[in-house]
Amino acid sequence: MIAEDPRPLPFFVYGTLRPGEANHDLFLRGRTLAEEPARLSGAVLYDGPGYPYAVEEPGGTVRGELVTARPEAYEELLAALDRLEEYVPGDPRNLYERLARDAVRTAGGTVRAWVYLAAPRVAAGLRATGTRIADGDWLSRR
């Protein structure tokens, strides 16, 4: 088991937490210092039941936002997002795994960030029968 990164990391969000989407205001309003366009390399996006899944895949790119939490809100936000994504460390029933990955800011530079990626069993099912979002941008589905 890999130890979690102890530093407060920003979050790379690519689905319902993006600005204008259903969970953005519910979870992020008032809790962030910055939200900026970014991308996640080495992953592709699949359509889910009302939300997307990012799946690691070399050569892929997922578009989203890099969200930096207010320091005083970080622990509360981390716990709230883990609940939203139904993520429990080590639980084999997880739909998502929260992992530290490099996100690339559109404005330039790379930063380590938390990202919720499809858990291994979910990723396997998506690779086999899922609907891939070709451009890697959840907002393009509209």
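Which residues does Thr 16 touch, not counting residues up to four places away in sequence? Select Thr 16 and look for Glu 21, Ala 22, Asn 23, His 24, Gly 50, Tyr 51, Pro 52 and Trp 138; contact here means heavy atoms within 4.5 Å.

Before moving on: this is a predicted model, where local features need pLDDT of at least 70, side-chain atom pairs count only at pLDDT 80 or more, and totals for chains, interfaces and linings use all residues. Residues are numbered from 1 along each chain as its sequence is written, and side-chain values use heavy atoms, with hydrogens and water left out.

Still on Thr 16, you're in the loop between strand 1 (11-13) and helix 1 (24-28). Helices (H or I, at least four residues) and strands (E, at least two) are DSSP runs, numbered from the N terminus. Thr 16 is buried at 15% relative accessible area (buried is under 20%, exposed over 50%, partly exposed in between, with a 1.4 Å probe and protein chains only).

Next, the salt bridges: there are 10 in the structure, each a side-chain nitrogen of Lys or Arg within 4 Å of a carboxyl oxygen of Asp or Glu.

- Pick Arg 132 and Glu 57, whose closest N and O atoms sit 3.2 Å apart. Arg 132 is in strand 6 and Glu 57 in strand 3, so the pair ties together parts 75 residues apart in sequence.
- Jump to Arg 93 and Asp 91, bridged at 2.9 Å, N to O. Arg 93 is exposed at 65%, whereas Asp 91 is buried at 16%.
- Now show Arg 112 and Asp 102, at 3.2 Å. This pair links strand 5 with strand 4.
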